[in-house]
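Thank you all for coming; I would like to take a few minutes to walk through one model with you, beginning with the interface and then turning to the sheet.

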Amino acid sequence: MKVLVPVKRVIDYNVKVRVKADGSGVDLANVKMSMNPFDEIAVEEAIRLKEAGKADEVIAVSIGVKQSQETLRTALAMGADRAILVVATDDVHNDIEPLTVAKILKGIVDEEQPGLVLCGKQAIDNDMNATGQMLSALLGWSQATFASKLEIDGDSAKVTREVDGGLQTIDVKMPAIVTVDLRLNEPRYASLPNIMKAKKKPLDEKTPADYGVDPAPRLTIVSTAEPEARKAGIIVGSVDELVEKLKEAGVV
Amino acid sequence: MTSFGLTDEHQMIAQTVRRFVEHEIYPHEAEVERTGVVPPELAAEIKRKTIEMGFYACNFPESVGGAGLNHLEFAIVERELGRGSMALNHFFGRPQNILMACKGDQIERYLLPAVRGERMDALAMTEPGAGSDVRGMKCSAQRDGGDWVANGTKHFISGAEHADFVIVFMATGEDQTPKGPKKRITTFLVDRGTPGFTIREGYKSVSHRGYKNMILDFDDCRLSDAQVLGEVDGGFEVMNEWLYATRITVATMCVGRARRVFDYALDYAATREQFGQPIGKFQGVSFQLADMITEIDAADLLTLAAADRLDKGLPANREIASAKLYASEMLARVTDAAIQIHGGMGLMDDYPLERFWRDARVERIWDGTSEIQRHIISRDLLRALGA
C-alpha cells in the first residue's frame with residue numbers, strides 16, 4: 001500500500017506573527033518557515049506504518065510556492081520515499097485555498113492510487129481544517145478526522161478520534177482519508193543518514209495545470225487584524241477578595 | 001544564520017541539531033545549572049536519542065561506524081550544539097577523534113565501543129604545573145620490566161566523571177637538545193578502575209556548571225605496552241595529527257552560543273519599553289545590536305572557512321587559531337553587551353544571560369589561551385619572513 005502525505009509550508013510555530021501594515025495578511029518576508037506540525041505527525045505515522053510492514057511507500061506532496069521543496073526535503077529526511085511538488089504560485093503571500101489543494105490532491109490520488117491519505121487536521125497558519133474533508137468528498141472515500149490513534153487491519157482501519165467531550169472510535173473502509181491530531185505520535189528528528197540521502201530521493205515538480213486545476217483564488221481576504229492585547233491582571237490575596245473583585249467586575 | 005557556501009544538506013543538519021538542542025537540552029538546563037549534575041537517566045536519554053538519529057560519533061569515518069562528516073559539516077553540528085549546555089550536550093557524543101590512532105586490540109576495546117556509545121572517553125593533558133606549557137608536564141611513566149609505572153596528577157579534565165577510560169599524556173623520558181632538555185611524551189589509554197588510578201572532583205568553576213573539571217591521580221599505576229596509543233615517545237605526533245582541529249570546536253560553539261544570546265538581546269530590545277518606546281529605538285542600543293550581529297557573522301564565516309581549509313587539505317593552523325581567538329573574544333563582547341541591554345535583569349538568574357556571560361569566560365582560556373593563539377598566528381606570519 002502506498003501512503004500519500006500532503007505537507008504544507010507554514011510560518012514556524014515559534015515565530016511571533018506580524019500583520020502586514022495594509023491588513024492584507026501576515027508578513028512572511030524573511031520569516032522562518034517550517035512544516036506544519038500536524039503534517040509532521042502525519043509523516044511520522046506514515047513512516048511508522050511502513051516500518052510496521054503495513055505500507056510499502058510513503059509519498060510526500062506539497063502544493064504552494066517553489067520553496068515548499070524545503071518542506072518536502074524535511075519529509076524525505078524523516079524517511080518519506082519520494083516527493084511531489086506542485087508549484088501553484090510564486091508569491092509567498094498567496095495561500096492556496098483548500099478546495100484548490102483538494103482538487104490537485106485528487107489528481108495525484110488518481111495517478112498514484114494510494115491506499116491511504118494521511119493529512120494534518122489543519123494547517124497552523126490559517127486553521128481552515130478543510131482540505132482532508134474536501135478531498136474525501138471529491139474522491140468519495142471514507143474519512144476519519146482528528147485521529148489520535150490509527151490501526152489498519154486489511155481493508156479497514158480503526159480510528160480513535162478526539163472529539164468534544166471525549167474519544168470516539170470508528171471503523172472506516174479503506175481506501176480512506178485520515179486527518180491527524182496532536183496526540184497521535186511524537187514525530188522523530190530527521191536522521192543524519194536520511195538527511196544525506198534526502199537529496200538523492202526523487203522529487204517531481206508539477207503544476208496545477210498538470211491536474212487540470214485552476215489555482216486562482218475564489219476567496220477574498222477583507223481584513224487581517226491582530227488579536228486584542230490581553231489586559232493586565234491583578235493578584236488577589238484571598239478568596240474573599242477574589243469574590244469581591246468578581247462582583248465588582250459584574251461577572252458573579 | 002550564515003548560509004554562504006552551505007548546501008541544503010548543511011542547512012538541514014544545522015536545523016535538525018538546533019531543533020534537538022531546543023527540545024531536548026534547553027528544558028533541562030536550569031536544573032543542571034542549579035544542581036551542578038546531570039541526572040544519569042537524562043544523560044542516557046540524550047545519548048539514546050542521538051544514537052537513534054545517527055548523530056552519535058558523527059565525526060568518525062563510516063568505516064568504523066561513524067557518519068563520516070567532514071570538518072565543515074562537523075563544525076556545523078557543533079555550532080548548533082554550542083547553543084545548549086555543555087554538561088548536557090556531552091551526551092550528544094563526540095568521542096575524541098584521536099582514538100582513530102587505535103591499533104590491533106585497541107580497536108575493539110576502545111575505538112569501536114566509543115563510536116557505538118558503549119564506552120565514554122576523556123582526554124587528559126593539563127596539569128597543575130603544565131597548562132600552556134604542555135612539555136612542562138610532570139606526570140610520568142617509567143619503564144619497569146616490560147611495563148610502565150605512571151605517577152602524577154592531571155587536572156581540568158572535562159568529562160572524566162563519565163569516562164570509562166581516559167586518554168592520558170605522560171612524560172616518558174627526556175632528550176638533550178641545544179635548547180636544553182626536552183621531554184618525550186607518550187599517550188596511554190587507561191581504563192577506569194585500573195589500580196593506582198583515581199578520578200576525583202575538581203574545582204568549582206565559574207563557567208559551564210555541571211560540565212565538571214576532574215582531577216586524575218596516578219599513584220604507581222601499572223600500564224602495559226598494550227595501553228600505548230600510537231608509538232612510545234610518539235605523543236606529540238599523535239597530538240599534532242589528531243588534536244589539531246579541536247580549536248574549531250571551541251570557535252564554532254562560541255558562534256552558536258552567541259547567536260542564542262543575540263536572540264535574547266534582540267527580542268528584549270524590541271519589547272522592553274523605556275521613555276515611551278522600545279529601547280531598541282535608542283541608538284545606544286540599536287548600534288550595539290548592529291555590532292553584535294556583525295561580529296557573530298564574521299566569527300561564523302572565519303570558523304567555517306578554517307574548517308573548509310582542513311577539508312581541502314590546505315594549511316589551516318593559522319586560520320584555526322584566528323577563528324578560535326576571534327570567536328571566543330567575540331562571545332565575551334556579545335554576552336557582555338547582551339547583559340548591558342537587559343540592564344539589571346541581565347544579572348539575575350531568572351534569565352540565562354548571566355550564565356552565558358560566565359560560560360563565555362573559559363572560552364578564551366581552554367584549548368589554547370588567546371595569548372597562545374596570537375602566538376601561533378604571529379609566528380606563522382613572521383616565520384615565513386625568516387623572523
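This is a predicted model: local features need pLDDT of at least 70, side-chain atom pairs count only at pLDDT 80 or more; totals for chains, interfaces and linings use all residues.

By a salt bridge I mean a side-chain nitrogen of Lys or Arg within 4 Å of a carboxyl oxygen of Asp or Glu, and between chain A and chain B the count is 3. One of these joins the side chains of Lys199(A) and Asp8(B), at 3.6 Å from N to O. Residues are numbered from 1 along each chain as its sequence is written, chains are lettered from A and ligands numbered from 1 in the order in which they are written, and side-chain values use heavy atoms, with hydrogens and water left out.

Taking contact as heavy atoms within 4.5 Å, 14 residues of chain A touch 19 residues of chain B. The buried area, that is, the accessible area (1.4 Å probe) lost on putting the two parts together, summed over both, is about 1,500 Å², with 59% coming from carbon and sulfur atoms. Tyr189(A), Leu192(A) and Ile195(A) supply 44% of what chain A buries against chain B, more than any other three residues.

Turning to the sheet, strands here are DSSP runs (E, at least two residues), numbered from the N terminus, and two strands pair if DSSP finds at least two bridges between them. In chain A, 9 strands form an open sheet with mixed pairing, in the order β9-β8-β7-β10-β6-β1-β4-β5-β11. Its edge strands are β9 (166-173) and β11 (203-206) of chain A.

Note on methods:
Helices (H or I, at least four residues) and strands (E, at least two) are DSSP runs, numbered from the N terminus.
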